[in-house]
Amino acid sequence: MRLLKFVIKRKVFITLLVIFIIFLGSYAFLNLDRELTPVVDLNGASIEVDAGDLTAVDVENDITTPLEQALQKVDGISNMESTTYMGGSFIQTYFKDDYDKDLVRELETVVHSFKNNSAAIKKVDVSRDGSGTKYGFILDISGGDMSEMSKFALNVLKPRMEQLPEVQDVTFSGIKDDRINIAFEREKLLEQGVKVTQAVDIMKQMNRESTVGKLFDDDATFLRWNTKLTNVDDIKNIQIPSPSGNVLLDDIAKVSMNDAHDNTTNVWKNGQKDFILVQIGGAPETTQIELAESVRHALDDIRDDDLVNAFTMNEIVAHGDFVNDSMYSVTKNIAIGGINAVLVLLLFLRNFRATVIIGVSIPTSILLTMVSMWIGGYSLNMLTLVGLGLGIGMMVDSSIVVLESIYKKKEQGLADYEAAIQGTSGVANAIIASVLTTIAVFLPIGLIGGETGKFMIIFSVVVAITLISSVFIAFTFIPALAEKFMKMRKQKEKRRESGGLGLYRNMLTWIIAKKARSFFIIALFLLAFVSSLFLVPKIPMNILPDVFNRYTEISVALENGTTDDEKQAIAKSMHQKLKPMKDVKANYIIDQGNTLTSVIKMTSGDEIYYNQKEVTDNILKGLRSLQGNHPIRSVHRAISGSSGYPVQITIRGEDFDKLKTIAKDMVTKTETIDGVVEASHSMEATSTMQEILLNEDELEKYGINKLEMKSWLEQFLLGDCIGEIDGEYGREIPMHVSWKDVKGTKESLLNLDAPGHSDKKLSAFMELQEVNVPKEIYHINGERSISIFADIDGRDLGAVNRDVQNMVEGYNIDAGYSVSLGGELEEQQDLMKDTFLVLAIAVFLVYLVMAVQFNHFGQPLIVMSTIPVTIIGVILGMFMTQMELNIMSAMGLIMLVGIVLNNAILLIHRINQLLSAGHSLQDSIINAGQDRIRPIFMTTLTTVGGMIPLAMASGMSADYQAPLATVIISGLLFSTFITLFLIPAIYRLFSRT
């Protein structure tokens with residue numbers, strides 16, 4: 001009370017404080033970073049191992065399994081998943097929640113130590129999982145000669161971009177590159193008496209620079225050796241020792257510089273390869289907006305310098321635009337929501353000055369929130385802005401309740417000062433309880449695991465900051481300004497309120513007149529709740545909504561070992577499918593090994609025929625139709641917010657044959673589920689190899705050593721890269737060795753003369769047997785597993801999830817083997833479990849806050865009875881709009897728990913006040929309803945008014961805003977009827993008064 005009196009009497013102080021908040025908030029707003037999504041470090045790291053030409057089985061035995069065993073000893077790793085394939089292994093580690101910050105460094109130490117002890121490993125890469133976008137700006141260079149465009153990219157574009165402080169990385173795909181071919185001639189080697197292995201070793205030694213020692217003169221000086229090769233002539237003039245003296249490499253091999261354009265990363269634009277794809281990544285502290293502005297300015301300078309001739313540079317995507325569009329979209333919706341809230345106030349209070357007070361409090365609360373975000377190190381991104389947009393409607397609730405209470409006291413004839421004191425203090429406890437219950441809902445958000453949880457913590461913190469800021473304004477700025485500035489017109493207000501209040505009073509009087517009627521109202525709401533549950537299966541379900549506007553990326557997973565010719569054919573077929581589709585403006589296909597990633601730009605403005613979801617579904621359907629004619633394993637969205645395939649079932653066990661048998665049966669059962677398409681399992685993808693079977697008797701008879709035979713075979717199959725030389729523009733040109741005019745076929749190999757025995761062919765000492773080996777081998781925590789993959793079509797993920805889960809739970813499996821859900825289904829199940837856990841803990845915390853506030857065990861239960869019945873409105877809203885139930889709508893549901901209780905707390909708090917003043921139970925309930933109906937409608941409609949623009953949003957971030965806003969609007973509107981009728985009925989039925 002003393003603090004309140006101080007605030008009202010010290011209006012100069014409050015005015016200066018508000019001015020300070022406005023200036024500091026404006027500064028904070030201008031200096032907050034702007035991003036599409038917040039950049040967070042995720043609890044995991046990935047390890048990629050390059051093992052040359054080793055088969056998947058060899059990689060598993062020699063690398064994956066022993067490396068997993070070493071990693072399992074690292075404290076802080078909770079789970080591991082690995083995929084082993086021909087030539088490499090990929091291990092994904094997941095950290096415990098309380099992991100040490102130096103865990104990634106420890107992983108790097110373990111992995112590099114393992115590499116140093118394994119000759120089979122060519123290269124390893126350890127990278128921390130994060131949510132940031134690696135390349136924020138993508139363009140193409142097209143329409144000209146490939147040689148000229150390549151020179152421009154390397155000599156002009158790359159240096160200009162790398163000079164920018166905002167740019168960290170510039171990569172090219174499809175650029176015309178060169179390589180040096182060294183083709184040895186077998187006859188000349190035999191003539192000179194030189195072994196090919198000897199020549200290769202000398203070439204490697206010559207292409208080197210090193211310190212050979214130290215000179216001790218006046219000053220100690222290191223002696224540097226440098227015989228690095230710089231051009232083709234240097235290679236040709238390498239001297240190779242022979243029995244008759246040194247010979248030049250040019251005498252025993254053909255050395256040439258060849259066009260290696262087809263050997264670089266494959267990229268296609270609208271089915272053609274005559275262009276260069278440029279991907280530009282930003283520096284660590286650079287925002288996407290800053291990167292886009294800097295790159296565009298540099299590109300304009302290049303054009304102004306007349307360096308672009310006979311070709312064009314075309315921007316494909318700039319993530320900074322998505323950020324700007326998102327900022328504009330959400331900011332516009334926040335402004336509209338604020339205007340709606342002010343109009344609601346004007347409609348109810350019919351007092352312009354009161355509306356001005358609230359209208360000024362809204363931007364003040366927002367700017368105070370900006371200050372808190374700036375101090376806390378948060379950025380303006382899609383999540384924080386949606387949280388702020390949600391807070392617009394909620395942040396005026398406290399101010400409305402305080403202002404309406406002061407308004408009512410003035411209506412009753414109290415002096416301005418007394419009206420401000422009594423009006424504010426009379427609702428202070430209720431407001432504090434309401435805000436605490438709302439904030440309590442967000443405390444367990446951190447229990448949501450994985451990537452989703454990290455994002456939701458940021459979202460909930462911003463909402464909590466918004467609410468705390470609004471309470472501060474409600475208890476300082478509102479009473480100080482309302483005391484003198486708000487003027488009354490009592491008589492008109494009374495006449496205007498009599499009609500609606502009279503109808504509500506009569507209905508409420510009828511309900512609480514008899515306990516049987518109160519019980520009837522309760523039973524009616526419970527029946528509606530049970531009936532609404534039957535609509536849940538008809539609501540679409542997903543995990544994360546779309547992020548980007550009129551842009552998508554599609555991953556086409558290929559069979560392992562797909563050749564370049566097959567990829568070329570797939571790319572052409574993809575273009576033929578995409579070209580006639582409406583709303584597809586351009587498509588780019590990037591070869592990423594076993595995956596072709598299709599980057600698709602959609603039409604905008606007046607050229608839009610279908611919404612983004614329909615376009616994406618048509619694209620997926622069209623590309624999936626190619627699977628029957630091409631080695632395509634799966635087609636799925638690359639930016640759907642989840643990893644892998646929509647449907648994934650994991651089977652664990654040790655025996656491959658048994659796993660394969662179970663997997664085949666599971667695939668058959670999975671294909672019978674409606675909506676599941678293209679089911680397959682990971683062991684279906686096998687490759688054929690020729691296994692060498694030696695005739696040991698013949699080898700022993702002719703005195704041929706096995707290692708000698710192996711070495712000779714390796715020489716025959718010569719075809720490796722033995723190093724690089726420094727080329728123009730900082731390029732490294734690879735050197736490849738091979739045999740001239742020798743084809744490494746099965747027949748040519750077996751028809752070769754045996755080493756040291758020209759009268760015998762190799763076929764006398766060995767034969768080749770074709771065997772099938774798995775292309776990929778999966779491990780989960782070191783245990784072998786097989787994954788069943790499938791896409792979905794025609795049904796939402798939630799509906800498919802229920803059917804797949806029932807199938808898995810009813811499947812009989814042998815001891816020692818297990819089957820479980822994976823992929824998006826597992827993510828969705830985990831998300832639902834986490835959400836229900838968070839909801840349960842939030843409900844308990846809400847009860848705890850209210851029990852302390854009311855000092856009563858039973859009354860909080862009356863308030864909380866609104867929670868299950870509020871879900872009726874949520875289900876009806878989601879069903880009628882067919883809005884997806886995803887992480888954002890789940891967040892809306894959790895938040896709704898706190899929001900819907902506010903009105904009930906206000907009502908019960910008023911009933912208790914009247915009972916304490918000596919009124920009867922029925923009079924207390926009726927009068928409390930009359931006293932609180934106006935602030936209840938005002939707070940509800942201002943929140944709904946703030947949410948409507950988000951629910952009806954289009955463009956960037958619409959799919960994030962709409963599900964959350966729809967849940968809150970539908971639930972809150974329904975909860976208003978619950979508060980006005982159900983709460984009085986429950987209070988009447990269970991009250992002992």
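# Reading burial, packing and pairing

Me: S399 is buried, with a relative accessible area of 0%. What does "buried" mean here?

Reply: Buried means under 20% relative accessible area, exposed means over 50%, and partly exposed lies in between, with a 1.4 Å probe and protein chains only. This is a predicted model, in which local features need pLDDT of at least 70 and side-chain atom pairs count only at pLDDT 80 or more, while totals for chains, interfaces and linings use all residues. Residues are numbered from 1 along each chain as its sequence is written, and side-chain values use heavy atoms, with hydrogens and water left out. Of the 993 residues of the chain, 53% count as buried.

Me: In which helix does S399 lie, and with which residues is S399 in contact?

Reply: Helices (H or I, at least four residues) and strands (E, at least two) are DSSP runs, numbered from the N terminus. S399 belongs to helix α13, residues 382–411. Contact means heavy atoms within 4.5 Å. With neighbours within four places in sequence set aside, S399 touches I358, S361, S470, A474 and I478.

Me: Is I862 buried or exposed?

Reply: I862 is buried, at a relative accessible area of 10%. I862 sits in helix α26, residues 859–864. Leaving out neighbours within four places in sequence, the contacts of I862 are I908, I983, I986 and Y987. I862 and I905 are 43 residues apart along the chain, and their C-alpha atoms are 9.6 Å apart.

Me: How many helices and strands are in the chain, and what share of contacts joins residues at least 24 apart?

Reply: The chain has 30 helices and 30 strands. Taking contacts between residues at least 6 apart in sequence, 79% join residues at least 24 apart.

Me: At what angle do the axes of α2 and α12 cross?

Reply: Axes are lines fitted to C-alpha atoms, for helices over the stretch in contact, and angles run from 0 to 180 degrees between N-to-C directions. For α2 (residues 11–31) and α12 (residues 352–376), the axes cross at roughly 55° and come within 8 Å. Angles under 35 degrees count as roughly parallel, over 145 as roughly antiparallel, 65 to 115 as roughly perpendicular, and the rest as oblique. The two helices, α2 and α12, are therefore oblique to each other.

Me: Is the crossing of α2 and α12 left-handed or right-handed?

Reply: A crossing is left-handed if the near helix is turned anticlockwise from the far one by less than a right angle, and right-handed if clockwise. The crossing of α2 and α12 is left-handed. Residues making the contact include I21, I22 and F29 of α2, and L367, L368 and W374 of α12. Ala, Val, Leu, Ile, Met, Phe, Trp, Tyr, Cys and Pro count as nonpolar, Asp, Glu, Lys and Arg as charged, and the others, Gly among them, as polar. By that division the contact of α2 with α12 has twelve nonpolar residues, four polar and no charged.

Me: At what angle do α18 and α19 pack?

Reply: Helix α18 (residues 564–578) packs on helix α19 (residues 612–624) at about 140°, and their axes are 9 Å apart. That angle makes α18 oblique to α19. The crossing is right-handed. M574, K577 and L578 in α18 meet I619, G622 and L623 in α19. Of the residues in this contact, four are nonpolar, one is polar and one is charged.

Me: Which strands does α19 lie across?

Reply: α19 lies across β16 (551–558), β17, β18 and β19, at about 20° to β16. Two strands pair if DSSP finds at least two bridges between them. An open sheet of five strands has the order β13-β17-β18-β16-β19, with antiparallel pairing. Its edge strands are β13 (267–269) and β19 (632–637), each pairing on one side only. Seven bridges join β17 (residues 584–591) to β18 (residues 595–602).

Me: How many residues stand between β25 and β26?

Reply: β25 and β26 form a hairpin with two residues between them, and G756 in the turn has a positive phi of about 80°. Two bridges join the antiparallel strands β25 (residues 753–754) and β26 (residues 757–761). A754 stands opposite H757 in β26.
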